[in-house]
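Trainee: I'd like to learn how to read a structure like this one. Could you walk me through it, feature by feature?

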Amino acid sequence: MLELCMLASGSSGNAVYIATEKTKILVDAGLSGRRLTAALAEIGADPTTLQALLISHDHNDHIYGAGVMSRRYRLPLYATEPTWKAAKNRLGKIAAENCRRLPLSGRLVIGDLLVETFPVPHDAAGPVGFVFRTENHAAALVTDLGYVTPYILDRLQQLDCIIVEANYDEEMLMNGPYPWPLKQRIKGNTGHLSNTLAAEMLLKILTPKTKHVILAHLSEHNNLPQLAYDTVYGLLAASGHKQGKEVFVQVAKRHTPSCYLRLA
Ligand SMILES: [Zn+2]
Ligand SMILES: [Zn+2]
């Protein structure tokens, strides 16, 4: 069994809940401790039963409540060495036994959950993406990346579910309110994935096993949930992946828990 739920998604804060029969973890903690605790309660998850908190990279929308959560629930906090260095001052004091290292590229076993990490191109210190595997199921979390490397594609094998960033619509970004340098940063090789780039990545990795696609980390100013869905699903459907049959595409909500999945 592999359960997952997006607790919040986007530049105002990211967190994903992942659970197996024996293991419950949180991936990223970009909301306040109070809001994370409330989001967990909303999906019926008890924060005192969490075994680990994994951090993808040091941007505030991924670590904002990480220090509080680790202290409040005595959670081992896993981050890459560069992330630890970059985030240290913002995390506050973390108990020595809870300072754990995440490999930039490698694997880690937490209870009955196998976690695989791989580097992603993003303007942070040592950012990573994840694949979570149980005996029979696998889900990937790939957000905050400027482009998809062949190495990333290689890691995304035999997935039941993929959570992928669909950050911006190219036209909305270019015609939107952001200053030119910020537009360039978002579009750049260490920025974020557009709706189209997300779809192109999906077309390279979807297999008959992959039933669930969750579009995540949508920009508040440069994207719309329906537009992200239409763009990505339009490209998938054109290649024969039909909604509800071959694949089920959902868009993660920004502020409230969404996309609860239970792969049994
Ligand atoms: Zn982010
Ligand atoms: Zn980021």
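Predicted model: local features only at pLDDT ≥ 70, side-chain atom pairs only at ≥ 80, totals over all residues.

Trainee: Which residues are the protein donors of the zinc ion (ligand 2)?

Mentor: They are His57 (NE2), His59 (ND1), His122 (NE2) and Asp144 (OD), and they lie 2.2 to 2.4 Å from the ion. Along the chain, these donors follow the spacing H-x1-H-x62-H-x21-D.

Trainee: What do the angles at the zinc ion (ligand 2) make of the arrangement?

Mentor: Four donors count as tetrahedral if all angles lie between 85 and 135 degrees. Here the four donor atoms subtend angles of 92 to 169°, which makes the arrangement around the zinc ion (ligand 2) irregular. There's a link along the chain to notice too: His59 sits in the loop between strand E4 (52-54) and H2, while Asp144 sits in the loop between E10 and H5, so this pair ties together parts that are 85 residues apart in sequence.

Trainee: And what are the protein donors of the zinc ion (ligand 1)?

Mentor: That ion has Asp61 (OD), His62 (NE2), Asp144 (OD) and His217 (NE2), at 2.1 to 2.2 Å. The spacing of these donors reads D-H-x81-D-x72-H.

Trainee: Which residue bridges the zinc ion (ligand 1) and the zinc ion (ligand 2)?

Mentor: Asp144 does, and the two ions lie 3.4 Å apart. His62 belongs to helix H2 (residues 60-63), whereas Asp144 is in the loop between strand E10 (138-142) and helix H5 (150-155), so the pair ties together parts 82 residues apart in sequence.

Trainee: Are His62 and Asp144 buried or exposed?

Mentor: Buried means under 20% relative accessible area. His62 has a relative accessible area of 0%, so it is buried. Asp144, at 1%, counts as buried too.

Trainee: How do the lining residues of the largest cavity divide into nonpolar, polar and charged?

Mentor: Six are nonpolar, four are polar and one is charged.

Trainee: What about aromatic rings? How many aromatic pairs are there?

Mentor: Rings pair if their centres lie within 6.5 Å, and planes under 30 degrees apart count as stacked. By that rule there are two aromatic pairs. Phe130 and Phe132 form a stacked pair, 5.5 Å centre to centre with 20° between the planes, and both residues are buried. Tyr229 and Tyr233 also form a stacked pair, at 5.5 Å centre to centre and 25° between the planes. These two tyrosines lie in helix H9 (residues 225-238), four residues apart, or about one turn of the helix. Both Tyr229 and Tyr233 are buried.

Trainee: Now the backbone. What is the phi of Arg74?

Mentor: It is near 50°, a positive value in a residue other than glycine. Arg74 lies in the loop between helix H3 (66-72) and strand E5 (77-79). At 71% relative accessibility, Arg74 counts as exposed. Gln158 has a positive phi as well, of about 55°, and it is not a glycine either. You'll find Gln158 in the loop between H5 and strand E11 (161-165), partly exposed with a relative accessible area of 48%.

Trainee: One more thing, about distances. How far apart in space are Glu42 and Glu200?

Mentor: Compare position along the chain with position in space. Glu42 and Glu200 are 158 residues apart in sequence and 34 Å apart in space, C-alpha to C-alpha. Glu42 is in helix H1 (residues 33-42) and, at 58% relative accessibility, counts as exposed.

Notes: Residues numbered from 1 in each chain as written. Chains lettered and ligands numbered in written order. Heavy atoms only, no water. Donors = N, O, S within 2.8 Å, 3.2 Å for Na, K, Ca; no water. Buried < 20%, exposed > 50% of the residue type's maximum accessible area, 1.4 Å probe, protein only. Nonpolar A, V, L, I, M, F, W, Y, C, P; charged D, E, K, R; others polar. Tetrahedral: all angles 85-135°; square planar, octahedral: opposite > 155°, others 65-115°. Phe/Tyr/Trp six-rings, centres within 6.5 Å; stacked < 30°, edge-to-face > 60°.
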